[in-house]
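The sequence and structure come first.

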Amino acid sequence: MTDTRTYLRGLPVFAGELPRFDPGEAPDRPDTLFVAWLTAAVGAGVREPHAMTLSTVGADGVPNARILILKNVDRDGWQFAVHAASPKGRDLSRHPAAALTFHWPEQARQVRVRGTVRPEPADRSAADFLARPPGSRAEASLGRQSRPLADRETLDRAVEQARERIGNEPGYVVAEWTLCTLAATEVEFWQGDKERKHTRLRYARTGSGWMRELLWP
Ligand SMILES: Cc1cc2nc3c(=O)[nH]c(=O)nc-3n(C[C@H](O)[C@H](O)[C@H](O)COP(=O)(O)O)c2cc1C
């Protein structure tokens, strides 16, 4: 039986055909390049390319990270939604800054985004909530995310009641549901290379525009 260290060392990285990335052809704005990479990831068959790691700062000063689904990207920033009473919601209200990390392994690509986070107005959060399928709305309306759960039966009962409520009141909106926009201060695009000469392009905000620079791999 090989030990874990040897086993891990034997696992492949950057396998298969990798895409080309020429930073000289990169657009002026990181959101434009992000959407191009996201679309390319979908085209390359990457599963759930809109799943990202959201890192926040905990009340104890220790980072806290979890995977979340990306809702939108535009000139204003990267959008996601949280329940305000969840640990990530509380982290963000205490410290409204975060990092997002995307990893598309089939392409050896990573995108890192850092910036400040602001809650969107209640009407936009409500619209985002109502656009979710009934099952997701019922789950979000439980409002107890990440708290200790006594047993599965308690969950089953709560989900059943929540589904009934959503069925009876299709316009019901969870007041704590919060659509958030991360306004990026820096965005880094990382393209892996089999010969380890990885390409890194970093955008940094300069007032109303962006500067671009290459980074050592
Ligand atoms: C692929 C994937 C997608 C997920 N999407 C969401 C999501 O959109 N919203 C959400 O609240 N949790 C989502 N989760 C669960 C979170 O990672 C996390 O467990 C949960 O939000 C509780 O986080 P918190 O205790 O830090 O608030 C997802 C997990 C995975 C693996």
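Phe 14 and Trp 190 are both buried in this predicted model, each having under 20% relative accessible area. Phe 14 belongs to the loop between α1 and α2, whereas Trp 190 belongs to strand β7, which covers residues 177-191. The count of aromatic pairs comes to nine.

A pair of aromatic rings is described by two values, the distance of the centres and the angle of the planes. Phe 21 and Trp 37 make an edge-to-face pair, because their planes stand at 85° with the ring centres 5.0 Å apart; the cut-off for edge-to-face is over 60 degrees. Phe 21 is in the loop between α1 and α2 and Trp 37 is in helix α2, so this pair ties together parts of the chain that are 16 residues apart in sequence. Phe 21 and Trp 37 are both buried.

The two pairs are set out below.

| Pair | Centre to centre | Angle of planes | Class |
|---|---|---|---|
| Phe 21 and Trp 37 | 5.0 Å | 85° | edge-to-face |

Phe 21 and Trp 37 also belong to a cluster linked by ring pairs, together with Phe 189 and Tyr 203.

Which charged residue sits over the ring of Trp 37? The residue is Arg 109, whose charged end is 3.9 Å from the centre of the Trp 37 ring.

Is Glu 188 buried or exposed? Its relative accessibility is 6%, so Glu 188 counts as buried. The side chain of Glu 188 makes a polar contact of 2.8 Å with the side chain of Arg 200.

The last topic is the surface. Tyr 7, Leu 8 and Leu 11 make a nonpolar surface patch of about 330 Å². Leu 11 is located in the loop between α1 (4-9) and α2 (30-43). Leu 11 counts as partly exposed because its relative accessibility is 42%, a value that falls between the limits of 20% for buried and 50% for exposed.

Conventions
Residues numbered from 1 in each chain as written. Predicted model: local features only at pLDDT ≥ 70, side-chain atom pairs only at ≥ 80, totals over all residues. Heavy atoms only, no water. Patch = residues over 30% accessible without salt bridge, like charges linked within 9 Å, V, L, I, M, F, W, Y side chains within 5 Å. Areas by Shrake-Rupley, 256 points an atom, 1.4 Å probe, with all protein chains shown as cover. Salt bridge = Lys/Arg side-chain N within 4 Å of Asp/Glu carboxyl O. Helix = DSSP H or I, 4+ residues; strand = E, 2+ residues; numbered from the N terminus. Buried < 20%, exposed > 50% of the residue type's maximum accessible area, 1.4 Å probe, protein only. Phe/Tyr/Trp six-rings, centres within 6.5 Å; stacked < 30°, edge-to-face > 60°. Lys NZ or Arg CZ within 6 Å of the ring centre and 35° of its normal. Polar contact = N/O pair within 3.5 Å; in protein donor to acceptor, adjacent residues only side chain to side chain.
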